[in-house]
Amino acid sequence: MKNKKSKLNFIANEFDLPEDLGKDGYHVEIMNSCVVVDGCKSVAEYGNGIIRLNVGKKSVGVIGNELLIKSFSCGQVTISGNVLCVELN
């Protein structure tokens with residue numbers, strides 16, 4: 001392997017992960033009434049109408065109604081509910 005970037009790309013391919021998921025990387029997928037975030041470090045806010053996740057130097061905010069964290073495992077968070085918008089800060 002030539003450099004760190006190519007090592008991360010190799011690992012991403014081997015484990016069928018998004019290539020942009022690196023040291024401080026994250027990946028967000030929005031499907032129907034569900035948001036999946038890979039690369040989550042911690043939950044910064046879990047309140048009425050908002051769930052904010054730390055993804056390294058940035059945060060991902062999910063805004064909506066009846067939001068619920070369905071799972072949080074190995075840096076992957078699944079949020080369900082009536083999702084109105086997703087913010088990247």
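**Loop, strands and salt bridges**

Modeller: Let's begin with Asn 32, which counts as exposed because its relative accessibility is 82%. Keep in mind that this is a predicted model.

Biologist: Thanks. Where is Asn 32 found?

Modeller: Asn 32 sits in the loop between strand S1 (27–31) and S2. Its phi is near 45°, a positive value in a residue other than glycine.

Biologist: Where is the place of Glu 66, and is it buried or exposed?

Modeller: Glu 66 is in strand S5. With a relative accessible area of 68%, Glu 66 is exposed.

Biologist: And what about Cys 74 in the hairpin of S5 and S6?

Modeller: Cys 74 also takes a positive phi, near 55°, and that hairpin has 2 residues between the strands.

Biologist: How many bridges do S5 and S6 pair over?

Modeller: There are 11 bridges, and the two strands pair in the antiparallel sense. As one example, Gly 61 has Glu 87 as its bridge partner in S6.

Biologist: Which strand do 5 bridges join to S6?

Modeller: That is strand S2 (residues 34–38), which runs antiparallel to strand S6 (residues 76–88).

Biologist: Okay, pick a residue in S6 for me. Is Thr 78 buried or exposed?

Modeller: Thr 78 is in strand S6, and it counts as buried because its relative accessibility is 16%, where the cut-off for buried is under 20%.

Biologist: Which residues is Thr 78 in contact with?

Modeller: Leaving aside neighbours within four places in sequence, Thr 78 is in contact with Cys 34, Val 35 and Val 36, and also with Leu 68, Ile 69, Lys 70 and Ser 71.

Biologist: Switching topic: how many salt bridges does the count come to?

Modeller: The count comes to 2 salt bridges. Side chains of opposite charge can pair when their charged atoms come close.

Biologist: Which residue forms a salt bridge with Glu 45?

Modeller: Arg 52 does, with the closest N and O atoms 3.6 Å apart. Arg 52 is buried, at a relative accessible area of 18%, while Glu 45 counts as partly exposed at 36% relative accessibility.

Biologist: And what does Glu 87 pair with?

Modeller: Glu 87 forms a salt bridge with Arg 52 too, and there the closest N and O atoms are 3.5 Å apart. Glu 87 lies in strand S6 and Arg 52 in strand S4 (residues 50–55), so this pair ties together parts that are 35 residues apart in sequence. Through shared partners, salt bridges join Glu 45, Arg 52 and Glu 87 into one network. As for cover, Glu 87 is partly exposed, at 29% relative accessibility.

Biologist: Which strand does Phe 72 lie in, and how does it count?

Modeller: Phe 72 lies in strand S5. It counts as partly exposed because its relative accessibility is 40%.

Note on methods:
Residues are numbered from 1 along each chain as its sequence is written. This is a predicted model: local features need pLDDT of at least 70, side-chain atom pairs count only at pLDDT 80 or more; totals for chains, interfaces and linings use all residues. Side-chain values use heavy atoms; hydrogens and water are left out. Helices (H or I, at least four residues) and strands (E, at least two) are DSSP runs, numbered from the N terminus. Buried means under 20% relative accessible area, exposed over 50%, partly exposed in between (1.4 Å probe, protein chains only). Two strands pair if DSSP finds at least two bridges between them. Contact means heavy atoms within 4.5 Å. A salt bridge is a side-chain nitrogen of Lys or Arg within 4 Å of a carboxyl oxygen of Asp or Glu.
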